[in-house]
Amino acid sequence: MSPWALAGLGTQFFGAILLFIWIGGWLDRRFDSTPLFLLGGVLLGGGGSFFMSYRRLTAPKRSDSRDNDSPTT
């Protein structure tokens, strides 16, 4: 995996956590339930991002079928 792809995963991880923190803070202000939704947002954003990053990093490598199946002429 290229360094740019890894940097993209880190940025995605950070962005998802920030987004869910913002949403959780907004829900806490709306329903006056501080810090319930904020903590849920941190757990959901961090856990979901970690899971998606893990799946992408451990996915089997795809081989290009055109290279393997094309007849040589």
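1. Let's start with a term: helices here are DSSP runs of H or I with at least four residues, strands are runs of E with at least two, and both are numbered from the N terminus. With that in hand, look just past α1, where Asp 32 has a positive phi of about 50°. Keep in mind that this is a predicted model, where local features need pLDDT of at least 70, side-chain atom pairs count only at pLDDT 80 or more, and totals for chains, interfaces and linings use all residues. Residues are numbered from 1 along each chain as its sequence is written, and side-chain values use heavy atoms, with hydrogens and water left out.

2. Now the overall layout. The protein has three helices and zero strands, so the pattern along the sequence reads α-α-α. Of its 73 residues, 15% are buried; buried means under 20% relative accessible area, exposed means over 50%, and partly exposed is in between, with a 1.4 Å probe and protein chains only. The accessible surface is about 6,300 Å², and carbon and sulfur atoms hold 67% of that. Those areas come from the Shrake-Rupley method with a 1.4 Å probe, and for residues only the protein chains shown count as cover.

3. How much of the contact set with a separation of 6 or more comes from residues 24 or more positions apart? The share is 53%. A contact means heavy atoms within 4.5 Å.

4. Next, α1 and α2 themselves. For α2, with 23 residues, the reach from first C-alpha to last is 33 Å, close to the 33 Å expected. The expected span is 1.5 Å times one less than the number of residues in the helix.

5. What is buried in these two helices? In α1, you can find Leu 9, Ala 16, Gly 24, Gly 25 and Asp 28 buried, and the buried residues of this helix pack against α2. In α2, the buried residues are Gly 41, Gly 45, Gly 46, Ser 49 and Ser 53, and they pack against α1.

6. The loop between α1 (3-31) and α2 (36-58) is worth a look, and Pro 35 lies in it. A cis peptide bond joins Thr 34 to Pro 35, with omega about -10°. Pro 35 is partly exposed, at 40% relative accessible area. Its C-alpha is 7.7 Å from that of Gly 25, a residue 10 positions away in sequence.

7. Asp 32 sits in that loop between α1 and α2 too. Its phi is near 50°, a positive value in a residue other than glycine. Is Asp 32 buried or exposed? At 70% relative accessibility, Asp 32 counts as exposed. For background, most residues other than glycine have a negative phi, and most peptide bonds are trans.

8. Two aromatic pairs turn up. The rings of Phe 31 and Phe 37 have centres 6.1 Å apart and planes at 45°, so this pair is tilted. Phe 50 and Tyr 54 make a stacked pair, with 6.5 Å from centre to centre and 20° between the planes. The rule is that rings of Phe, Tyr and Trp (its six-membered ring) pair if their centres lie within 6.5 Å; planes under 30 degrees apart are stacked, over 60 edge-to-face, and the rest tilted.

9. Why are Phe 50 and Tyr 54 separated by about one helical turn? Because they are four residues apart in helix α2. An α-helix has 3.6 residues a turn, so residues three or four places apart point the same way. Phe 50 is exposed at 56% relative accessible area, while Tyr 54 is partly exposed at 47%.

10. Last stop: Arg 56, which lies in helix α2 and is partly exposed at 47% relative accessibility. Leaving aside neighbours within four places in sequence, Arg 56 is in contact with Met 1, Leu 9 and Gln 12. Arg 56 and Leu 9 are 47 residues apart along the chain, yet their C-alpha atoms are separated by 8.9 Å. As for Met 1, its place is in the segment before α1.
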